[in-house]
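Good morning, and thank you for coming. Please look at the sequence and the structure before we discuss them together.

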Amino acid sequence: MATERSYVSYATAAVAVAAIPLSFVGPEGLRLAVIGLLMLAGPGTALVLLLRFDPPRSAQATGALPLSIAIAIAFSLAMSTLVATAMIYARLWSPPAAVCLLSALTLVFLGLELKRPKRVLVHAK
């Protein structure tokens, strides 16, 4: 499970870093794919990883993974909406700046997840 979490962390970080230059220039299709993926699941995935929303093995079969995916998508869309609304009210509308802000938020959450001490699991015999 720890290896799967690290792969998800690396993929999320790669999308967040790639979205920064693509928010300014790049092929239209690639920009749409990377920035859309960041808006849909970037900060939320980092938050779910930070919170360590790991259910026990028995609960994984009952639907905890879809719940964590739903939380990730809902948080990402909420953050995208909040950033866009704040930019509109501040009259500072700049989509590339919003993408950079969401990328930075994602990377901050991933950095906090790396700094957090790992849990030690004690198995009873």
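Which residues of α5 are buried? Before I reply, please note that this is a predicted model, in which local features need pLDDT of at least 70, side-chain atom pairs count only at pLDDT 80 or more, and totals for chains, interfaces and linings use all residues. Residues are numbered from 1 along each chain as its sequence is written, and side-chain values use heavy atoms, with hydrogens and water left out.

The buried residues of α5 are Ala-98, Val-99, Leu-102, Ser-103, Thr-106, Phe-109, Leu-110 and Glu-113. They lie on the same side of α5, because they cover an arc of only 135° around the axis. That arc is taken from the directions from the helix axis to the C-beta atoms. Buried here means under 20% relative accessible area, exposed means over 50%, and partly exposed is in between, with a 1.4 Å probe and protein chains only. As background, an α-helix has 3.6 residues a turn, so residues three or four places apart point the same way. On the face of α5 turned away from its buried side, we find the exposed residues Leu-114 and Lys-115. Cys-100 also belongs to helix α5, and this residue is partly exposed, at a relative accessible area of 22%. Between Cys-100 and Val-17 there are 9.0 Å in space, C-alpha to C-alpha, although the two are 83 residues apart in sequence.

Let us now consider the whole chain. The protein chain has 5 helices and 0 strands; these are DSSP runs, with helices being H or I of at least four residues and strands being E of at least two, numbered from the N terminus. Of its 125 residues, 30% count as buried.

I turn next to α2. This helix covers residues 28-51, 24 residues in total, and reaches 34 Å from its first C-alpha to its last, close to the 34 Å expected at 1.5 Å a residue. The expected span is 1.5 Å times one less than the number of residues. At Met-39, α2 bends by about 45°, and Pro-43 follows within four residues. The bend is the angle between axes fitted to the seven residues ending at a residue and the seven starting there.

What follows α4? Just after this helix, Arg-91 takes a positive phi of about 55°. In general, most residues other than glycine have a negative phi. Arg-91 sits in the loop between α4 (64-89) and α5 and is exposed, with a relative accessible area of 75%. Within α4 itself, the buried residues include Ala-64, Ser-68 and Ala-72.

Val-17, Ile-20, Phe-24, Val-25 and Leu-107 make a nonpolar patch of about 430 Å². Patch members have over 30% relative accessible area and no salt bridge; like charges are joined within 9 Å, and nonpolar side chains (Val, Leu, Ile, Met, Phe, Trp, Tyr) within 5 Å. A salt bridge is a side-chain nitrogen of Lys or Arg within 4 Å of a carboxyl oxygen of Asp or Glu, and accessible areas come from the Shrake-Rupley method with a 1.4 Å probe, where for residues only the protein chains shown count as cover. Val-25, in the loop between α1 (2-22) and α2, is exposed, with a relative accessible area of 58%.
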